[in-house]
Amino acid sequence: MMRAKQNVNTRGTTYPPQPEGRNLCLRASALIILVLIIVSAKTSWAAPQSLVISQATGGIPFTGTGPYLSQFGTMNALGLGTPATGVSVIPLTTGALYFTPYTLTGTANGNHILTITAVIKTNFTHSAALQLESCPSNSACNTSGAFSAMSTTTAVTVMPGTANTNQVPLVVTAGLGIFVPDNDGASAFTGTDTASITLTLLDENNNKIATAEIDLNSPTGETVQNAVQFTLGTATGGLTISPASDYAANYGSVNGLGIGPATGLTTTSVAGGTVYVTPYLLNPAFGDFSSTTATIKVTLSTNFAHPTVLQLDDSSSSGGPFTQITTTALTITSSAADRASITRFLGLFVSNTNGAGVFTGSDSATLTFTMTVP
């Protein structure tokens, strides 16, 4: 006959009868449950995936913890003047690129591959005057060619796939830019505008993401000013137009018969003497004006000491006809276009008369050119 054993604890409590070996199984099960609870608790302590934006060395500051607030300040299509602190500018042939470095810090669970992309969340209201651009973290981000236009629909790569060490922040520097194009005519804009960007950190191993937003609106937003620039230049086959505090051109030795013109000069015989002629360039540039054309005028601001012997003339061709430049402004053109060089011909008339008033020696005169954009 088999008897059940009575189990008694040290306090005298009697347990129900149990078959042999039952207590060992219950204790083993309790141990397994305890181990599972410990493993689950450790997993819940892992840091969440995140993406943080901050100021890079030499870049603009960011405030807030999401969205991150900043701005580029005042800009213009010609890249003239000094940009805001933390912003660099590259003047281009069709506008100016303003840019800044910024830092992205990403974390993710596990030794995974991470990528960061960006898309325009809210574009500038005047997108013809302000265009967002991005430079990836694996580029130097100091030339215009390193930047590409951002979109409201298609994400651009800010950080290509990069290995992440478990729970160790991944820190990279990328470039953020604003291209200010030559924007004249109906879409011209001056004033303040704002935009926002969404950046997404993707863990390629598990498709988990973290996002961050940059708002370019603090404290006021991005300001566009109109700008105008007018320069002279050396034309092919003409005298060298030397830029200094003022431009200069030297006709060398001249005479009333047009004998032996210097390199860069041609001669044309006219009544009373000879005109020595050189081509030169007018280089207009302007941005964010409602007008698409400008007016260029020239004035004789300081005449030769011997005006009966020497005289400055303007023409649209090397052979004339020539118009004398006087102290009354002479309109060269009223249809100068932005970034479109104009070739004109500057003539120096030399009298061939003899007798009283003749002159030999050096002399000089000064012309003042003015460009006006309505």
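Here is a short walk through the salt bridges of this chain, stop by stop. Keep in mind that you are looking at a predicted model. How many salt bridges are there to find? The count comes to four.

**Stop one.** Select Lys121 and Glu213. They form a salt bridge, and the closest N and O atoms sit 2.7 Å apart. Now color the strands: Lys121 belongs to β8 (residues 113-122) and Glu213 to β15 (residues 209-216), so the pair, 92 residues apart, links distant parts of the chain. Is Glu213 buried or exposed? Glu213 is buried, because its relative accessibility of 19% is under the 20% cut-off. Lys121, at 49%, is partly exposed.

**Stop two.** Jump over to Asp182 and Arg339, whose side chains meet in a salt bridge at 2.5 Å, N to O. This time both partners are in loops: Asp182 between β12 (170-181) and β13 (191-193), Arg339 between β23 (330-337) and β24 (342-351). They are 157 residues apart in the chain. Asp182 counts as buried at 19% relative accessibility, while Arg339 is partly exposed at 34%.

**Stop three.** Finish by selecting Arg344 and Asp314, another salt bridge with an N to O distance of 2.5 Å. Arg344 lies in strand β24 and Asp314 in strand β21 (residues 310-315), 30 residues apart. What does the surface view show here? Arg344 is buried at 12% relative accessibility, and Asp314 is buried too, at 5%.

Note on methods: Residues are numbered from 1 along each chain as its sequence is written. This is a predicted model: local features need pLDDT of at least 70, side-chain atom pairs count only at pLDDT 80 or more; totals for chains, interfaces and linings use all residues. Side-chain values use heavy atoms; hydrogens and water are left out. Helices (H or I, at least four residues) and strands (E, at least two) are DSSP runs, numbered from the N terminus. Buried means under 20% relative accessible area, exposed over 50%, partly exposed in between (1.4 Å probe, protein chains only).
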